Each structure stands twice: as structure tokens, then as C-alpha cells.
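Let's walk through this one together, one feature at a time. Ask whatever you like as we go.

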There are 2 protein chains.
Amino acid sequence: MPDRSYDFDPFHPELEELRTTRNRLLPSIRSLPLLRIGGNDRDIRLKVESLQPLGSFKIRGGITAAAEAAKAGATCLITASAGNFAQGLTLGAQLCNLPVEVHVPDSAARIKVEAIKASGAFVVEHCFTDWWNIMQTRQTENAPRGAKFIHPVAERSVLLGNATIGLEIAEEWPEVDVVIAPFGGGGLCVGIAAALQALGVSAEIVAAEVSGSAALSAALSAGGPTLIDRTPSFVDGIGSTRVLDEMWPLISAFIGRSVVVPIEECAGALREIAFSHKLVVEGAAATAYAAAHRPEFAGARITVVLSGSNIDPEVFVDLMRQRG
Amino acid sequence: MPDRSYDFDPFHPELEELRTTRNRLLPSIRSLPLLRIGGNDRDIRLKVESLQPLGSFKIRGGITAAAEAAKAGATCLITASAGNFAQGLTLGAQLCNLPVEVHVPDSAARIKVEAIKASGAFVVEHCFTDWWNIMQTRQTENAPRGAKFIHPVAERSVLLGNATIGLEIAEEWPEVDVVIAPFGGGGLCVGIAAALQALGVSAEIVAAEVSGSAALSAALSAGGPTLIDRTPSFVDGIGSTRVLDEMWPLISAFIGRSVVVPIEECAGALREIAFSHKLVVEGAAATAYAAAHRPEFAGARITVVLSGSNIDPEVFVDLMRQRG
């Protein structure tokens, strides 16, 4: 890993910048109040990013990144993404009248690739190795002059977009003790933590991971990113074989705890969110919800970030049928 | 039908009263912004009452009725209800420290009866004929001194609670052309229409009914309540064999149009709301959503009232599986 300094480390946005960023998002996102749900021995409130346009919080980072790049004079945006981020960035680019080039691995779900194309992006497919190389080097062939590469996670403007979630939580409920969010690349947790800090809210940010894919838990134990075996599951929006090296300084600065949830608990949480709280969510969101119900958070005031709702309809129906 | 005058006819609440009523509700309900959804040739926004505590808009009428009765000196509340209203009233009564007596038909779903008991009400079961008689006469045996009977539909304070939905819609989106709400007893549509009128918003209120259970459509054709055959379906929160006579003056004053939706369209709408908009709703809500997509509303600015989400989990899963 080459020693490089990134423009996002350290990440300490100020309140003013967070507010400006959020105000720019407001015409395009849904800024919903926290949904207070029952809880026998704890006070849980849901931050319902699952109802965002495009089905996830990533719209915040996508729009913010496009706007910041346009402000800096970019004439074209490039990203490497297999999923939701590409759609968010494409939407943001449209708002700024910029073209977008999205590099995807040929292993990406066809339905997602088609959605990215339909949203107006120019899509380039690669074998996984080449694609991963783009993600690591941020270099693509024949990049147009003035093009700006936007990393879906390790990018200041994307973190800034994510941070607006923390701003909204802290403004609405400054007394919150714990904010629990699913851990994928770490950008959601880091963004929220930075915003809480900017607002002087002392709540702990807790990462939620699913068993069999808990790269952060392994990194926290090892004192740094370490390779793990990953077991695929219906919780496909989070988890990896290794924490991104370039994110580690921020992650270790902001996140001290990961709760690892067994996959059966994630499934039960997904059902409970549908049947009791009437929301369709994806596995990552259910993981955070399940974590919030663990014994160690008894008595706490907890915000659960329901990060997204992009779940395959058939997977959703199958999970609904397996009633516990 | 004896000729009686009711305290709710005419129903012309003033803006001030609507605002006071809504402010009283705010600590207990979720006042969510309209969710704007895509629509090729129309602008549809969802009023998401399905996310209310207790799973339906009826919490608004229940709390309002209890508060108004307490203000008028009632020492005990009595109602006849087989469903959601009883829970809403019981919650409202708790907020006012009043006991509640709920009369239910012995045909009511056990799960609903247990939920009413669990919410703290004293429950009395009757054969259907006796229960219907209570509903018609508003008389119960051994009613405690100072008790006030609250009709779940034909009651001024309940209409006032429902009207706060119209207040919220009109304040947020005064340009709306059409508000479509499911038609059960008529209280939801009438309440909303009265609020729109109070705010000087000229939007049309349209009732949504399901085929095989469209008592309003029959009444509008006949010029008054008329008996119809009713086909039971998964859309169990609306529809009846006849419009309530005592509601007819208000209904005919406020509602000029009913859209009757085939049951298959309701099922398709319920799936679309789950898979595209990530919300679990009951059949009545899906009926209003389906109505909004009918050709006659092309080009319109439409608010759909997603009235509730109290659907049997097994029914929901079965409907999800029947993908069209």
C-alpha cells in the first residue's frame, strides 16, 4: 500500500459546511423525522434512509460529490461502483449538467447495471481484477480532460454527504446516547461520527456488522486492516474481506466498537421491521436494527440508521415466509 | 331510520380549531411530510398514515375524541368498534386518565380483540345483532354515570381528528388538485374535505372503493344509501353493505366522486407500494393508490392517503408472492 495522503483525512467538517451541504440536498432528498418505536428497556428511534429516492442514503453522497466537483471545475465525473452509489452520483451530475462515466465489474447484478444505464450514465464493464485496480488507483484509461474521479467511499465530498445524516440526528435528538449504523466501507459511520462531533454531541457511533463478513471487527482486534474469509448472505450491502486501508485512519479515529450480529438475527430483524414498523428494508439496515436490540444497549437512547431498502423482491418474500 | 339531528352535521370546523386539534396530536402521532413519488404523467404524493402508531390514521380521531370528551366532563368513554378505532380511543383515554369500555362483535378477529384488551380497555363481547344495535342506538346497558359514547365514524370529534390530515396536506401542498382516500364509513374523506374547505383549498376529494364492496358508488347512483351485496376480500378495512344513513348528509355534501377499483388492481398496488416505495400497507391504502393511477387523473397533482398498515402478515406475504 503506497503511503499517500488523502484529502479527506483528517475529516472535521464544521457546522456551517454541514448545514450548507444539507440545504443543498433538501430539494432532492427526504429529510424525515426520526420514527420513535416501542422498546421495553430502551428508547429506539429510526432514521429512515430506506425511504430516500433511489432507496438508500447514498443519494446524499452522490449529490454532494457531484456538486463539489462541479464547483471545483470538473467537466465530467468518473466513478467505480457496483451499486447504489453510481445512481446517486448520476442524479447529482444531472443536477449539475455533467456527464458521468461508471466503471462496473462484469460480476455486478444485471439489474443494477441496467438501472445505472437508465439513469443516464455511460457504463464501462471490466473483469473484476481490472475493476478493483481502478478502485485502488483511481485511474481509468482515456479519461476526458477535466474529469474528476469520485471514490464511492474514500472521498471527502461523499463523507460530507453522509455527515448530513448525523447533522439531522443531532439537531433533532441531541440527547441520543448511541447511533448505530451498518458498516460497509465505513463512510456512513465516519460521516455521522464527524457530524456528531461538529455539533458537540457526545453520542457513541457503533458499527453494525453481520457474522461471516465482519472485517471491521477483525481490524479492531488486529489493530489494523486484516484479510478475513467472507461468507455471502442476503445481507449484501455491507461486509467485505478487508477494511479499506485508506479509510483506516478515519475509521480508527471515529469508531471504537463493532457489534457483530448473527445472520439469523438480521433475518428476524428484517421481518420485525416489515411486520411491526411497516417498512421494507435491506439486510444492512436490519443488521443495525438487530444490533440495537442487543443486551449491552439496555437503558440507552439509540438511533438506528436504516440505511437502505434495495433488496431483491424474491429475497424479501423468502425472508418474510420464514417466520420465526 | 328516525330523523335525528347530529352534532356533527353540518361539519365546518374553522382553521383555528383544526390547528389546535393538530397541535394536541403532535406529541402522539407522526406528522410526516408528503412522500413525492415518480409518476410519468402525473404528480403523486403519499400521505403516509400507514406509519402512524397503532398502524392507522384512526389514532387521530381516537385521541381527539377522548380529549374533547374529557374537556366536556366525561368520566368514562364507551365505543363500539371491531378494529383500529378502539385502540386509538384507548390510547387517547389513557392520555386523559379516563377508563374505556369497548363493545365488540364476537365475530371480530381474536388478534384485534386481544390487542384492544392489551391496550387497557374493558372489552364486552356481543352477538353481531346486539353489537350492531349498540352502534345504531349508541346505547349500552349499565353505562356508568358520566359515560360518553363515542361513535367510531359518525362523531364530530372523530371527524375533527381526521380533518387534521387535510390540514397537513393543504398546508404543505395547497396546489394539490385531487386528494384520494379510501372510503370506509366516510369519516376520513369527510374530515379531509372539511379541512380543505376551511383552508380555502379547492382540491377535489375523491373516494376510493374496491369492487364488490362499493356502497358509496351505489349510494351516489341511487341518490341515497342503498343496500348492496358485499364480497369479502383482503381489502377488509373499507367497504360495507350500505352507507351509514346518519353520515349521508355530510358525505353527499363533501364527496362527489367514487372510483371503484378492481380487486386485482388493489393487489398490484399493494405489491408496488412495497417493492417500489418500500412501505407495508393494508388493502384500503392500496385501493387509494390504485385509484390515483387511473387514466382519468392523468396530468393531475394528487395526494394519496395511505390510511393504514394493519394487514395480516400471512395475507401480506401471500399477496407479495403473487407477482404480476
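Q: Why are H6(A) and H7(A) called oblique to each other, rather than parallel or perpendicular?

A: Angles under 35 degrees count as roughly parallel, over 145 as roughly antiparallel, 65 to 115 as roughly perpendicular and the rest as oblique. In this predicted model, helix H6 (residues 156-172) of chain A and helix H7 (residues 187-198) of chain A cross at roughly 50°, their axes coming within 7 Å. H6(A) and H7(A) are therefore oblique. Axes here are lines fitted to C-alpha atoms, for helices over the stretch in contact, with angles from 0 to 180 degrees between N-to-C directions. The helices (H or I, at least four residues) are DSSP runs, numbered from the N terminus.

Q: Which residues of H6(A) and H7(A) meet?

A: Contact means heavy atoms within 4.5 Å. On the H6(A) side you'll find Leu159(A), Gly166(A) and Ala170(A), among others, and they face a set in H7(A) including Gly187(A), Val190(A) and Leu196(A). By class, this contact has ten nonpolar, four polar and no charged residues. Ala, Val, Leu, Ile, Met, Phe, Trp, Tyr, Cys and Pro count as nonpolar, Asp, Glu, Lys and Arg as charged, and the others, Gly among them, as polar.

Q: At what angle do H1 and H2 of chain A pack?

A: About 105°, for helix H1 (residues 15-25) and helix H2 (residues 58-71), with axes 10 Å apart. H1(A) and H2(A) are therefore roughly perpendicular. Thr21(A), Arg24(A) and Leu25(A) are the H1(A) residues in this contact, and their partners in H2(A) include Ile63(A) and Glu68(A).

Q: How are the two chains related?

A: A rotation of 180° with 0.0 Å of shift along its axis puts chain B on chain A, RMSD 0.0 Å. The copies are thus related as by a two-fold rotation axis. In chain B, Leu279(B) comes closest to that axis, at 2.4 Å (C-alpha).

Q: How confident is the predictor in chain A?

A: pLDDT is its confidence in each residue, from 0 to 100. Chain A averages 93, and 98% of the residues score at least 70.

Methods. Residues numbered from 1 in each chain as written. Chains lettered and ligands numbered in written order. Predicted model: local features only at pLDDT ≥ 70, side-chain atom pairs only at ≥ 80, totals over all residues. Heavy atoms only, no water. Helix = DSSP H or I, 4+ residues; strand = E, 2+ residues; numbered from the N terminus. Least-squares fit on C-alpha atoms with pLDDT ≥ 70 in both.
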